[in-house]
Amino acid sequence: MKQAHRNVRGPAFIAVHELFDKVSTEVESYSDLIAERAVGLGGTTYGTIQVAVERSFLVPYPLGIADETQHIFAVSGNLAAFGQSLREVIDQATTFGDADTAGLFTKVSHGIDHQLWFVESPHGSKKMNKTDRCQTPPETAVTVPN
């Protein structure tokens, strides 16, 4: 998110710049909630950049872009992919009978979908369907970058 926030350019620069900053803040708060739940269940979080890069299922963010439309597309794709992974984790937690974890991930899923709506709604002239913006991630452990 900060990559997009810092590098966006275009006619709607200030609005998109500020939006990406707000989305970044929200997403960071979700990573804290997920990490705290993992530790609360007796796990260990691996929040280093090295582990995040190694285990991420998200499409690598394109570094050479500046155009607001390209950033909106890239951010939307990653938010959608993360949202899809959350719905899969909700199903897994429910299968295991862990209603609290399922509830936490439902809260995060709702928040990510809300942020996705903010990013896509006023900015994209071409709405993306799920196939355009979302790849189903492989089964992975939760990695929470710092």
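## Basis of the model

The structure is a predicted model, in which local features need pLDDT of at least 70 and side-chain atom pairs count only at pLDDT 80 or more, while totals for chains, interfaces and linings use all residues. Residues are numbered from 1 along each chain as its sequence is written, and side-chain values use heavy atoms, with hydrogens and water left out.

## Overall make-up

The protein chain has six helices and zero strands, in the order α-α-α-α-α-α along the sequence. Helices (H or I, at least four residues) and strands (E, at least two) are DSSP runs, numbered from the N terminus.

Of the 146 residues in the protein chain, 34% count as buried. Buried means under 20% relative accessible area, exposed over 50%, and partly exposed in between, with a 1.4 Å probe and protein chains only. Contact means heavy atoms within 4.5 Å. Among contacts in the protein chain with a separation of 6 or more, 71% come from residues 24 or more positions apart.

## The nonpolar core

The largest nonpolar core has 22 residues, and those with the most contacts inside it are Phe 20, Val 75, Leu 79, Val 108, Ile 112 and Val 119. Helices α2 (13–40), α4 (68–95) and α5 (99–120) each supply at least two residues of this core. A nonpolar core is a set of buried Ala, Val, Leu, Ile, Met, Phe, Trp, Tyr and Cys residues joined through side-chain atoms within 4.5 Å.

Apart from neighbours within four places in sequence, Phe 20 is in contact with Met 1, Ala 4, His 5, Val 8, His 71, Ile 72, Val 75 and Val 119.

## How the helices pair

The axes of α4 and α5 come within 9 Å and cross at roughly 160 degrees; α4 and α5 are therefore roughly antiparallel to each other. The residues of this α4 and α5 contact comprise 15 nonpolar, seven polar and three charged. Axes are lines fitted to C-alpha atoms, for helices over the stretch in contact, and angles run from 0 to 180 degrees between N-to-C directions. Angles under 35 degrees count as roughly parallel, over 145 as roughly antiparallel, 65 to 115 as roughly perpendicular and the rest as oblique. Ala, Val, Leu, Ile, Met, Phe, Trp, Tyr, Cys and Pro count as nonpolar, Asp, Glu, Lys and Arg as charged, and the others, Gly among them, as polar.

For α2 and α4, the axes come within 12 Å and cross at roughly 20 degrees, so α2 and α4 are roughly parallel to each other. Residues making this contact include Phe 13, Val 16 and Phe 20 of α2, and Glu 68, His 71 and Ile 72 of α4. By class, the contact of α2 with α4 has ten nonpolar, one polar and one charged. The axes of α2 and α5 come within 11 Å and cross at roughly 170 degrees, and α2 and α5 are therefore roughly antiparallel to each other.

## Two buried residues

His 71 lies in helix α4 and is buried, with a relative accessible area of 0%. Leaving out neighbours within four places in sequence, the contacts of His 71 include Gln 3, Asn 7, Phe 20 and Tyr 61.

Phe 105 is in helix α5 and counts as buried at 7% relative accessibility. Not counting residues up to four places away in sequence, Phe 105 touches Ile 34, Leu 86, Val 89 and Ile 90. The C-alpha atoms of Phe 105 and Asp 91 are separated by 9.7 Å, with the two residues 14 apart along the chain.
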